[in-house]
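Please read them alongside the sequence and the coordinates.

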Amino acid sequence: MKAVRNRQKVLSAQDRVGGTNAYDEVQHTNNHEDTSKHRRSLSTRSSLRSLSFLMLSCLGFCATLTTLFGQTTSNSMRRTLIMRLPFSNSDAIIPSKPNTTLALLNPPGFLGGYRNQVIRLMGWVSYAVEHDYSYLYLPSILWRTQMQQLPDDPWHSIPMDLIFDVDYWNEFSFAQALPMLVREIRGSDCWTTELEPSIASKWESLHPLQHASMLKGSLRSIMNTTQNAIANSSLFNPRRVDLLSQVQHCQHPVVYGGGKGAGRLWNDYLAYRSNKTANSRLPNDVDQYILRALRPAERWRKLADECVAAQHGDEYLALHARVEVEMMAHTCGSEMNWNLTSIFEQVSDFLSKKGSDEDIGGVFVAVSRDGMQANVTGGPWQKYRTYAEENVNILNRLVGSSGRQGEGLLGGKLTVFECGKQMMDQFYAEHPDELYYGSLLEQAINFYIATAAKVFIGVNHSSYSTDVWTTRYYQGRGSANFQYTRNGRIEPVENGGLPTPHGNCVKKKRKQQAGPTLSRVKKTQ
């Protein structure tokens with residue numbers, strides 16, 4: 001009964017977030033009767049979808065026209081025709097032809113922090129565009145989220161449609177050059193929704209988020225490796241093992257991703273950006289479109305909008321404070337300002353000198369509190385303990401904590417507020433039966449809020465800040481893109497607010513930064 005309740009919890013969460021219905025998932029049972037049930041459910045679903053028939057009829061008509069004119073229809077032409085048709089839901093099309101749909105290799109799926117995962121998404125979609133794949137297979141797209149609930153390994157797989165607005169991506173693709181996300185393919189030569197016996201035997205002990213990822217299915221030839229990696233029951237290290245050769249025979253869907261170290265998707269992205277200029281381009285400029293098409297699902301956007309509205313309406317400044325301990329230890333963090341006291345001091349000076357505080361109702365802070373206090377007994381935290389403790393103290397003092405109202409900035413004229421983790425903690429408290437989504441959802445919400453701010457202040461060498469700046473530039477907000485620095489002042493982002501694309505950072509020896517004390521921030525107010 002516990003397993004049944006967990007499956008219902010997972011499926012109901014998917015219904016609410018991504019528009020998925022029960023036909024999209026396999027109801028696994030201990031006697032493995034699920035395969036035949038799934039086939040019957042797919043048959044029922046297909047018979048109910050006259051839209052799919054209409055789409056296929058239209059494509060047949062288009063193919064007839066090209067034959068009459070003595071021309072061959074390329075995948076790119078078919079994609080263009082499909083994009084212009086008035087279908088937005090990912091359920092409307094079920095590809096049946098080989099070599100039209102691209103799946104993401106899992107493991108590893110997407111690796112890294114939120115925006116590093118987006119960079120890998122850009123590399124993957126660029127590959128799809130270059131090789132003329134019209135569709136992206138949604139069940140294969142597993143992101144990574146950090147979950148302190150599972151201490152053995154805080155990083156876990158999470159299906160894309162639990163976090164992001166899939167239908168919006170597809171609506172966006174009609175007018176732009178992105179492949180369409182599809183929930184199903186017909187007649188796959190490689191995809192299976194079966195469970196490994198070893199996984200089925202311990203199903204009840206797994207976390208509901210692990211259920212959600214496994215119910216999406218896996219590639220048959222690496223099914224054991226995939227499911228055990230999701231269950232964290234193996235020592236598989238995706239950065240040291242490459243599984244692509246084991247699935248290269250697949251044609252429906254074709255598979256791409258993986259690779260040792262940073263992986264193919266990261267290296268592909270950097271290859272497209274090899275000249276390291278703001279004018280370097282990805283195929284079809286897919287990065288520009290992905291930055292706008294990738295947004296949280298409707299229920300998460302509604303929560304974010306309510307959080308901002310409860311604070312200060314639409315007029316706010318967003319600050320990305322990249323002061324998490326792992327960034328202090330990272331190569332890209334060597335040139336960053338690690339001291340949150342100094343950063344808030346710069347924000348206060350910026351608002352005072354510009355006179356912008358008259359138009360700003362508050363300061364939104366995008367930061368990971370878990371990341372600021374991660375592994376408090378571990379080596380990295382102990383090494384940067386002075387910064388970590390002061391940063392948490394100043395954030396609590398300005399934002400408030402434990403029911404205590406924060407002091408804000410400029411003598412209390414501007415409140416300082418968070419939405420991501422604090423908002424989701426309240427949401428989970430009010431919805432105890434809700435699936436826990438981990439850090440990915442919090443970061444996606446913060447990103448969404450930051451792109452909509454009147455002014456955004458980020459930091460150089462951060463992929464998160466770079467993507468916020470870039471998204472805002474293409475939204476027409478580039479003139480309000482700024483960066484905080486180690487030299488004590490906030491500077492505008494050059495090139496009209498369009499930053500240089502993020503790339504690998506060069507390791508440098510850091511000169512010790514003498515950050516101001518907590519009392520200095522108080523004096524600037």
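1. Two strands are taken to pair if DSSP finds at least two bridges between them, and strands (E, at least two residues) and helices (H or I, at least four) are DSSP runs numbered from the N terminus. The model is predicted, so local features need pLDDT of at least 70 and side-chain atom pairs count only at pLDDT 80 or more, whereas totals for chains, interfaces and linings use all residues. Residues are numbered from 1 along each chain as its sequence is written, and side-chain values use heavy atoms, with hydrogens and water left out.

2. Strand β3 (residues 142-146) runs antiparallel to strand β4 (residues 155-159), and five bridges join them; in β4, Trp155 is the bridge partner of Gln146.

3. His252 sits in the loop between α9 (223-230) and β8 (254-256), and His252 is buried, with a relative accessible area of 2%. A polar atom of its side chain lies 3.3 Å from the backbone oxygen of Lys97. Leaving aside neighbours within four places in sequence, the residues in contact with His252 (heavy atoms within 4.5 Å) include Pro95, Ser96, Lys97, Ile185, Arg186 and Asp189.

4. For the protein chain overall, the secondary structure comes to 21 helices and 16 strands, and 56% of the 525 residues count as buried. Among contacts with a separation of 6 or more, 74% are between residues 24 or more positions apart.

How values were computed. Buried means under 20% relative accessible area, exposed over 50%, partly exposed in between (1.4 Å probe, protein chains only). A polar contact is a pair of N or O atoms within 3.5 Å; within protein, one must be able to donate a hydrogen and the other to accept it, and residues adjacent in sequence count only if both atoms are side-chain atoms.
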